[in-house]
Amino acid sequence: MRKIFFLATVLIIFSCQVQNEPPVINSINLTSSNIQKVEGAFLEFNYDFSDDSGLNQFRASVLDNFEDARLQSAPWNWQQDYDLSGTSSLDTIQVILPYPDLEIGRYELTITVQDIEEAETFKKTLFYIYE
């Protein structure tokens with residue numbers, strides 16, 4: 001009987017351990033979702049992240065998201081990792097666009113946030129490049 005009580009107690013303790021919640025992307029806001037293809041143009045976004053256990057890093061990436069993109073001859077994709085600390089973070093990031101090699105079309109900004117326990121969450125946002 002004592003063995004059963006001991007096993008039941010151990011199972012209860014292990015089943016009650018706190019599960020890590022993934023980080024939260026409170027907001028991703030583009031300053032403009034339509035960007036003109038001109039020299040010096042940039043993509044700018046604001047972010048706000050939080051996590052109960054602590055933030056570790058986030059990755060921002062841009063890929064084209066339209067038919068007939070010149071994937072073979074002149075693709076534009078961009079990716080950058082940023083370190084984070086604390087349980088919340090907010091900031092603004094600017095990405096200079098690769099003029100004149102940038103194609104007109106729809107692009108996708110993907111933000112992936114990781115906490116200190118390596119749980120991740122992501123969010124995608126579309127923006128457009130026009131002539």
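## Overall composition

Of the 131 residues in the protein chain, 35% are buried, where buried means under 20% relative accessible area, exposed over 50% and partly exposed in between (1.4 Å probe, protein chains only). The model is predicted: local features need pLDDT of at least 70, side-chain atom pairs count only at pLDDT 80 or more, and totals for chains, interfaces and linings use all residues. Residues are numbered from 1 along each chain as its sequence is written, and side-chain values use heavy atoms, with hydrogens and water left out.

The protein chain exposes about 8700 Å², and carbon and sulfur atoms supply 51% of this area. Accessible areas come from the Shrake-Rupley method with a 1.4 Å probe; for residues, only the protein chains shown count as cover. Among contacts (heavy atoms within 4.5 Å) between residues at least 6 apart in sequence, 70% join residues at least 24 apart.

## Secondary structure and sheet

The protein chain contains 1 helix and 8 strands. From the N terminus on, the order of elements is α-β-β-β-β-β-β-β-β. Helices (H or I, at least four residues) and strands (E, at least two) are DSSP runs, numbered from the N terminus.

An open sheet is formed by 5 strands in the order S2-S8-S7-S4-S5, with mixed pairing; two strands pair if DSSP finds at least two bridges between them. Strand S2 (34-36) and strand S5 (78-83) are at the edges with a single partner strand each, so one side of each has no neighbour in the sheet. On average, neighbouring strands of this sheet are turned by 25° against each other, direction ignored. For such angles, axes are lines fitted to C-alpha atoms, for helices over the stretch in contact, and angles run from 0 to 180 degrees between N-to-C directions.

## Pairing of strand S4

Strand S4 (residues 55-64) and strand S7 (residues 105-115) run antiparallel and are joined by 9 bridges. Within this pairing, Gln 57 has Gln 114 of S7 as its bridge partner, and Ala 60 has Ile 111 of S7.

S4 also pairs with S5 in the antiparallel sense, over 6 bridges. Here the bridge partner of Ala 60 in S5 is Gln 80.

## Aromatic pairs

The whole structure holds 5 aromatic pairs. Rings of Phe, Tyr and Trp (its six-membered ring) pair if their centres lie within 6.5 Å; planes under 30 degrees apart count as stacked, over 60 as edge-to-face and the rest as tilted. The rings of Tyr 47 and Phe 49 are stacked, because their centres are 4.5 Å apart and their planes are at 15°. Tyr 47 is buried, with a relative accessible area of 7%, and Phe 49 is buried at 0%.

Phe 58 and Tyr 82 also form a stacked pair, with 4.8 Å centre to centre and 20° between the planes. This pair links distant parts of the chain, with Phe 58 in strand S4 and Tyr 82 in strand S5, 24 residues apart. Phe 58 is buried, with a relative accessible area of 1%. Ring pairs join Tyr 47, Phe 49, Phe 58 and Tyr 82 into a cluster.

Ser 33 lies in the loop between strand S1 (24-30) and S2. Its relative accessibility is 34%, so Ser 33 counts as partly exposed.

Not counting residues up to four places away in sequence, Ser 33 touches Leu 126, Phe 127 and Tyr 128. The C-alpha atoms of Ser 33 and Tyr 107 are separated by 9.7 Å, with the two residues 74 apart along the chain.
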